[in-house]
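Student: I would like to learn how to read a ligand site and a domain interface. Could you take me through them slowly?

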Amino acid sequence: MLSKSKYIRGLQCEKRLWLDKHQPQLRDALSANQEALFAQGSDVGELAQQLFPKGKDATPDYSRRDGIAIGLAQTKQWVAEGADVIYEAAFSAGGVYAAMDILVREGDRWRAIEVKSSTGVKDYHINDAAIQYYVFQQAGIDLVDIELMYINNEYTRDVELELDKLFARESLLEQVLPLQAGIPDRIAAMTRVLRQADAPEQSIGPHCHDPFACDFIGHCWAHVPQPNVLNIVRIGERGWQFMEQGIMALEEIPTDADLNEKQWNQVRGAQTGEEVWDKPAIRSFLDEWEYPLYFFDFETIGPAVPLYDDTRPYQQYPFQYSLHIIREPGAEPEHKEYLADPNAGDPRPMLMVNMIKDLGQSGSIVTYNMGFEKGKIRDLTITYGEYAQYLMPIIDRIVDLIVPFRSHWCYLPAMNGSASIKAVLPALTNLSYDDLEIKEGGTASNTWRAMAEGKFSGDQEATMQALREYCKLDTLAMLEVWRELRKRIS
Ligand code: SF4
């Protein structure tokens with residue numbers, strides 16, 4: 001029997017369908033970010049159930065071999081007994097098994113509701129709903145409608161969480177009905193693939209990441225060198241044209257290839273080790289900065305379900321900052337930081353007050369990709385209007401250290417086309433993020449959010465220290481990159 005998720009995988013790639021069944025051990029390990037996203041999705045699903053209370057729960061116990069069979073039997077029984085609401089209602093028909101997050105009785109018919117943590121209907125939701133609708137209709141469940149319930153990102157929390165405002169609903173019936181006729185043939189084709197002794201022939205391609213990154217990329221892409229032509233900055237379709245011509249490594253790109261200047265900087269860097277330095281441009285850019293220099297960085301969270309008053313779903317707001325200060329030319333750096341207590345409620349007010357104090361009233365505030373920091377501070381001026389008089393001058397003082405790298409005034413082969421601080425830092429200095437326990441912003445954010453939601457299990461004190469180390473390296477990285485730039489142009 002095909003499951004809904006296998007059917008969806010089969011739509012993306014037949015080989016993925018086959019590997020999933022026959023060689024699941026080849027799957028890539030889930031990243032911490034993916035796990036956090038799954039956990040968030042299941043939290044959102046449980047919250048949505050509260051809008052349809054007292055339902056029977058047919059969620060399978062996946063640790064049992066017969067977990068799905070039990071879920072199917074329970075659903076059948078509760079439908080027969082006249083249940084009004086069933087969570088994870090499951091049916092099998094036509095060789096496919098599918099479950100629905102919430103199934104609600106309406107007279108003799110049923111309303112099917114699938115819950116997603118997205119903020120609207122995406123194309124891939126339609127295929128999901130189409131196979132669910134097919135299975136349920138085939139199983140004799142007469143659906144009056146099939147809906148997607150998703151997060152309404154226009155909602156702003158005001159004291160209590162209002163679930164009827166947090167969630168939006170949209171009928172998918174009109175879109176899934178035309179897809180019904182093609183489903184039996186697709187199921188038959190996928191069933192044939194699953195019965196094959198060997199994996200179907202399938203080249204890698206854009207489909208490996210569309211609509212989601214496949215979990216067999218580590219296996220299928222093992223022959224692709226790193227870096228490769230797909231890593232060329234803003235290469236798009238052209239990268240796949242190179243791949244089709246058998247050109248994978250940057251070293252293989254012919255000298256007459258049609259690339260722009262920045263793309264050639266990257267390719268030449270890989271082919272000859274050539275660096276790009278526009279020292280006058282860098283010098284005049286850095287000379288505009290005013291001392292004291294404040295190297296500043298936020299860490300933020302953006303939970304799907306607003307945790308605090310005056311926040312919207314997925315709104316990013318800071319819980320931590322790090323600051324390295326150089327008071328005058330040649331001075332040693334001072335370090336300041338703020339990390340909100342995750343058990344003390346909304347992190348923004350205290351962070352804001354400390355930030356205003358620490359950033360002083362004059363001097364350039366150096367960020368990396370300043371649109372983010374500016375945007376978060378601007379959000380604070382909206383929520384805390386009485387602080388706008390202190391926050392707006394801070395925004396005006398912000399400068400952006402990414403500019404020399406994004407502009408290719410400095411391009412080093414080890415940056416591999418990226419101007420991110422994680423690429424620039426090891427390319428230009430001896431520092432890197434590799435030795436840190438927390439290595440990237442997504443993990444920092446998920447970790448603090450888990451603590452704030454009371455879902456963190458582990459050594460909180462040690463983890464708070466790891467968060468401090470991570471954020472501190474972000475501003476130390478900027479400081480060291482700036483120092484190195486100054487050294488190279490002097
Ligand atoms: S990595 Fe690409 S080719 Fe391989 S199974 Fe996944 S989608 Fe198919």
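**The ligand site and the domain interface**

Tutor: In this predicted model, the ligand is surrounded by Cys13, Arg16, Gln202, Ser203, His207, Cys208, Cys214, Phe216, Ile217, Cys220 and Trp221, where a residue counts as near if one of its heavy atoms lies within 4 Å. Residues are numbered from 1 along each chain as its sequence is written. Local features need pLDDT of at least 70 and side-chain atom pairs 80 or more, whereas totals for chains, interfaces and linings use all residues, and side-chain values use heavy atoms, without hydrogens and water.

Student: How do the residues of the shell around the ligand divide?

Tutor: Counting Ala, Val, Leu, Ile, Met, Phe, Trp, Tyr, Cys and Pro as nonpolar, Asp, Glu, Lys and Arg as charged, and the others, Gly among them, as polar, the shell holds seven nonpolar, three polar and one charged.

Student: Into which domains is the protein chain divided?

Tutor: Bounds come from an automatic or database domain assignment, which here gives domain 1 (2-195) and domain 2 (280-489), with 39 Å between their centres, taken over C-alpha atoms.

Student: How many residues of each domain are in contact?

Tutor: Contact means heavy atoms within 4.5 Å, and by that rule 21 residues of domain 1 touch 18 residues of domain 2.

Student: Which side chains meet in a salt bridge?

Tutor: The term requires a side-chain nitrogen of Lys or Arg within 4 Å of a carboxyl oxygen of Asp or Glu, and Lys455 and Asp43 form such a pair at 2.7 Å, N to O.
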